[in-house]
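Subject: Structure handover

Hello,

Here is the structure I promised to pass on. Please open it beside this email and follow along.

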Amino acid sequence: MTKPVLPPFPISRPRRLRRTSWVRDLVAEHRLDVSDLIWPVFVREAGTERAIASMPEVTRLDLEETVAAAKEAARLGIPAIALFPQVPMDKKSDDGREATSADNLVCRAVRALKKAAPEVGVMCDVALDPYNVSGHDGIVRDGVIVNDETVAVLVRQALTQAEAGADILAPSDMMDGRVGAIRQALEAAGHKDALIMAYAAKYASAFYGPFRDAVGSKANLGKSDKRSYQMNPANDDEALREVALDIAEGADMVMVKPGMPYLDIVARVKQSFNLPTFAYQVSGEYAMLHAAAGNGWLDLDAVMMESLLAFKRAGADGVLTYFAPRAAKLLRGA
Ligand code: PBG
């Protein structure tokens, strides 16, 4: 493409295109729409604690409340909900076996949602951290998170979720080869339409703190960290290799996580692969904006909308955000 040489000032006056609201709208290059949003929700057993101290205005939802949330999503036009369970301590083990139980909290939630609001997509995390006493996404042997053994359990977890009716399986564990193993197992079991959104480039980030409070894995994890499987924040070429592998293994959609500090990765991934690409505005990003707003330092709605639009500008097709219902209401003028 040959670019026209811009005539110098005063022939060029870029401010002409910014003078009024209508012309700004007319030439806007990117837009945020309700249909870009995926709403992550925390699911709890009835009778357990709702509040999450580090995530203002987000609560853990019991099954009834989760169903109400899905109905709200439908009303607002939010296409999909992502489920994250707070698993009771007595259901956690060292092999994460509760993850593969057809009657676990997530599976019960999936069935309730698909019954009450079938038009809303349901996405499930495939990873063992809510179910493991170690708080790790995989199985730990002698201090090592063992890859292939973990993948075998993840495959069973994904099949269990697909069986319950999950529309999108989202492996967030960063084990090697899990997308391929899950895709093959889904095909073999007849779940040919099950979508896989791979957490393809997921970084070992300190921005996940509030999430770990919410699902209760922080105490389990203790001083341990996830750097032997989640990516080093120093790397970006490696993200492209991770994404390439997940696509080759059968991912329909890929995700970059966290969001705001990793927009360069979102842009590179989208430009390199042209596949549906998502970004996860994670719990710490949400908490950060909320905390500043709570102190009167930032305008919450304004920074929320600006941050979400930035994902679109970077090339994301959609965003997982705890702001989903708030943003949807603003976008719809409700
Ligand atoms: C766990 C998982 C995490 C998030 C989504 N799935 C946390 C982690 O890897 O420790 C983080 C989401 C957030 O911070 O909002 N597999």
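Below are the findings, grouped by site. Bear in mind that this is a predicted model.

**Ligand site**

The ligand has 18 residues around it, and those that come nearest are Ser172, Arg212, Lys226, Lys257 and Tyr322. For Tyr322, the polar side-chain atom lies 2.5 Å from an oxygen atom of the ligand. Ser172 has one 2.7 Å from a ligand nitrogen atom. Lys202 has one 2.8 Å from a ligand oxygen atom. The ligand alone would expose 400 Å², and the protein buries 100% of that area.

**Lys257 and the aromatic residues**

Lys257 is also worth a look for its rings. Its charged end sits over the ring of Tyr280, 4.9 Å from the centre. The charged end of Lys257 also sits over the ring of Phe211, at 5.9 Å from that centre. Both Phe211 and Tyr280 belong to one aromatic cluster, together with Phe42, Phe84, Tyr199, Tyr286, Tyr322 and Phe323.

**Cis peptide bonds**

Lys257 has one more feature. The peptide bond from Lys257 to Pro258 is cis, with omega near -5°. Pro258 lies in the loop between strand E9 (253–257) and helix H9 (263–273). A cis peptide bond also joins Phe9 and Pro10, with omega about 10°. Pro10 is in the segment before H1.

**Gln281**

Gln281 lies in strand E10, residues 277–281. Is Gln281 buried or exposed? Its relative accessibility is 0%, so Gln281 counts as buried, the limit being under 20%. Leaving out residues up to four places away in sequence, Gln281 touches Met260, Leu289, Ser307, Leu308, Phe311, Val319, Leu320, Thr321, Tyr322 and Phe323.

**Helix H5 and its neighbours**

H5 spans residues 178–188, and its buried residues are Arg178, Val179, Gly180, Ile182, Arg183, Ala185 and Leu186. An α-helix has 3.6 residues a turn, so residues three or four places apart point the same way. Which elements do the buried residues of H5 pack against? They pack against strand E4 (121–126), helix H4 (147–164), strand E7 (168–171), strand E8 (195–202) and helix H8 (237–249). Gly190 follows H5 and has a positive phi, near 85°.

**Thr160**

Thr160 lies in helix H4, one of the elements that H5 packs against. The relative accessible area of Thr160 is 13%, so this residue is buried; the cut-off is under 20%. Beyond residues up to four places away in sequence, Thr160 touches Thr100, Ser101, Ala102 and Cys107. The side chain of Thr160 reaches the backbone oxygen of Thr100 at 3.4 Å. Thr160 and Val282 are 122 residues apart in sequence, with 26 Å between their C-alpha atoms.

**Loop residues**

Two residues have a positive phi although neither is a glycine. Glu57 has a phi of about 70° and lies in the loop between E1 and strand E2 (60–61). Its relative accessibility is 63%, so Glu57 counts as exposed, the limit being over 50%. Asp142 has a phi of about 50° and lies in the loop between strand E5 (139–141) and strand E6 (144–146). Asp142 also counts as exposed, because its relative accessibility is 81%.

Ala28 sits in the loop between helix H1 (21–26) and strand E1 (37–43). With a relative accessible area of 32%, Ala28 is partly exposed, because that value falls between the 20% and 50% limits. Ala28 and Val140 are 112 residues apart in sequence and 50 Å apart in space, C-alpha to C-alpha.

Best wishes

Key:
Residues numbered from 1 in each chain as written. Predicted model: local features only at pLDDT ≥ 70, side-chain atom pairs only at ≥ 80, totals over all residues. Heavy atoms only, no water. Helix = DSSP H or I, 4+ residues; strand = E, 2+ residues; numbered from the N terminus. Buried < 20%, exposed > 50% of the residue type's maximum accessible area, 1.4 Å probe, protein only. Phe/Tyr/Trp six-rings, centres within 6.5 Å; stacked < 30°, edge-to-face > 60°. Lys NZ or Arg CZ within 6 Å of the ring centre and 35° of its normal. Near = heavy atom within 4 Å. Polar contact = N/O pair within 3.5 Å; in protein donor to acceptor, adjacent residues only side chain to side chain. Areas by Shrake-Rupley, 256 points an atom, 1.4 Å probe, with all protein chains shown as cover. Contact = heavy atoms within 4.5 Å.
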